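Keep the viewer open as you read.

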Amino acid sequence: KAIRDLEDLRKKGEIAPELKDVFDVIKTIDDVNPLDVEIGSVLYANKPGDGSAREQAASCQRVLGGLANITQEYATKRYRSNCINWGIVPFTIARETPFDYVPGDMVFVPGIRKAMEEGKEEIDAQVITKDGVKPIHLYFNNLGKTEREVLLAGCLMNYYAKANKK
């Protein structure tokens, strides 16, 4: 909920004081306006989406401010689709990628909107930790054209609303 509250504050045109140092680091990576950087939580798991909660997992994650998952693979296509429908980017990483990050580390993905619009299959990101910045290479996991449009719209409901306005 704390991450969601930081994003709500950003939407009102303010950046929380506790994020000042993070945005100072981001400014060294990319010259971006902090108010243009969406703030959300990221879930990491080796193989999420198995079990009885998979239908509600993505919606609950999104309501609490979830923006992306980083995983080696998804247990089911249904869970991956649910993430996309709720506007959660389903990133994957290569199996050999060490993932030793801790809660509180932040992932900055510069140019994600443009990469998705251009149909790119992978993107470089930076993990901002208390010890510095570490690069990470993320994959979009074969996103189709419609899946990209849903993510760019923010979620499936926004995608349909946009389509109905045409």
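Asp31 sits in the loop that runs between helix 2 (20-29) and strand 1; helices (H or I, at least four residues) and strands (E, at least two) are DSSP runs, numbered from the N terminus. Before going further: this is a predicted model, where local features need pLDDT of at least 70, side-chain atom pairs count only at pLDDT 80 or more, and totals for chains, interfaces and linings use all residues. Residues are numbered from 1 along each chain as its sequence is written, and side-chain values use heavy atoms, with hydrogens and water left out.

Is Asp31 buried or exposed? Asp31 is exposed, at a relative accessible area of 69% (buried means under 20%, exposed over 50%, partly exposed in between, with a 1.4 Å probe and protein chains only). Its side chain makes a polar contact with that of Lys27, at 3.3 Å (a pair of N or O atoms within 3.5 Å; within protein, one must be able to donate a hydrogen and the other to accept it, and residues adjacent in sequence count only if both atoms are side-chain atoms). Asp31 and Pro110 are 79 residues apart along the chain, and their C-alpha atoms are separated by 9.7 Å.

## Two nonpolar cores

In soluble globular proteins, nonpolar side chains tend to be buried together. Here the largest nonpolar core has 19 residues, and those with the most contacts inside it are Phe91, Ile123, Ile136, Leu138 and Phe140 (a core is a set of buried Ala, Val, Leu, Ile, Met, Phe, Trp, Tyr and Cys residues joined through side-chain atoms within 4.5 Å). Strand 5 gives the largest share of this core, 3 residues.

A second, separate core has 11 residues, including Leu6, Ile26, Val37 and Ile39.

Back to Ile136: not counting residues up to four places away in sequence, its partners include Ile93, Phe99, Tyr101 and Ile123 (contact means heavy atoms within 4.5 Å).

Asn141 is partly exposed, with a relative accessible area of 24%, whereas Asn142 is exposed, with 62%.
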